[in-house]
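Welcome, and thanks for opening your viewer. Let's walk through the model one selection at a time.

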Amino acid sequence: MNDKVKHLIAVAIISAITYGLVMLIFKSQNDALYISIFMASIGGYVKERYDVSQGRKAEFLDWLATFVGGFVMALILFIL
């Protein structure tokens, strides 16, 4: 499986869990949307920082795939 696809799927799952938890706690679709998108962005950043700490190169496209996965999942859940 392509690395970018792995990034996209992993953060989509994280975004869905975050969305669900925020809805459970705060009962606000807007908060769930914004927080899950924020977590997707932070998740991508943290993963790229980890790659750098392991001697690998940080890739913008990896971060972008991670962000897009979380963003799309958050939007799908918001619309439903």
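Select Lys 47 and Asp 51, and you will see their side chains meet in a salt bridge, 2.5 Å from N to O (a side-chain nitrogen of Lys or Arg within 4 Å of a carboxyl oxygen of Asp or Glu). Before going on, please note that this is a predicted model, in which local features need pLDDT of at least 70, side-chain atom pairs count only at pLDDT 80 or more, and totals for chains, interfaces and linings use all residues. Residues are numbered from 1 along each chain as its sequence is written, and side-chain values use heavy atoms, with hydrogens and water left out.

Both Lys 47 and Asp 51 sit in helix H2, four residues apart, about one turn of the helix. Helices here are DSSP runs of H or I with at least four residues, strands are runs of E with at least two, and both are numbered from the N terminus. Now colour by accessibility: is Asp 51 buried or exposed? Asp 51 counts as buried, at 4% relative accessibility, while Lys 47 is partly exposed at 33%. The cut-offs are under 20% relative accessible area for buried and over 50% for exposed, with partly exposed in between (1.4 Å probe, protein chains only).

Arg 56 is partly exposed, with a relative accessible area of 43%.

**Second stop: a link across the sequence**

As a reminder, side chains of opposite charge can pair when their charged atoms come close. Select Lys 4 and Glu 59, which form a salt bridge with the closest N and O atoms 3.2 Å apart. Lys 4 lies in helix H1 (residues 3-26) and Glu 59 in the loop between helix H2 (29-53) and helix H3 (60-79), so this pair ties together parts that are 55 residues apart in sequence. Both partners are partly exposed: Lys 4 has a relative accessible area of 24%, and Glu 59 has 34%. How many salt bridges does the structure hold? The count is four.

Move to Ser 36, in helix H2. Ser 36 is buried, with a relative accessible area of 0%. Its side chain reaches the backbone oxygen of Ala 32 at 2.7 Å. Which residues does Ser 36 touch, leaving aside its neighbours within four places in sequence? Show Ser 15, Thr 18, Tyr 19 and Ala 74, each in contact with Ser 36 (heavy atoms within 4.5 Å).

Select Phe 60, Trp 63, Phe 67 and Phe 71, which ring pairs link into a cluster. Rings of Phe, Tyr and Trp (its six-membered ring) pair if their centres lie within 6.5 Å; planes under 30 degrees apart count as stacked, over 60 as edge-to-face and the rest as tilted. Zoom in on Trp 63 and Phe 67, a stacked pair at 5.4 Å centre to centre with 10° between the planes. These two residues are four apart in helix H3, about one turn, and Trp 63 is partly exposed at 23% relative accessibility.

**Last stop: the whole chain**

Finally, zoom out to the cartoon view. The chain has three helices and zero strands, and its C-alpha atoms fill a box of roughly 40 × 20 × 15 Å along the principal axes. Buried residues make up 28% of the 80 residues.

Terms used: A polar contact is a pair of N or O atoms within 3.5 Å; within protein, one must be able to donate a hydrogen and the other to accept it, and residues adjacent in sequence count only if both atoms are side-chain atoms.
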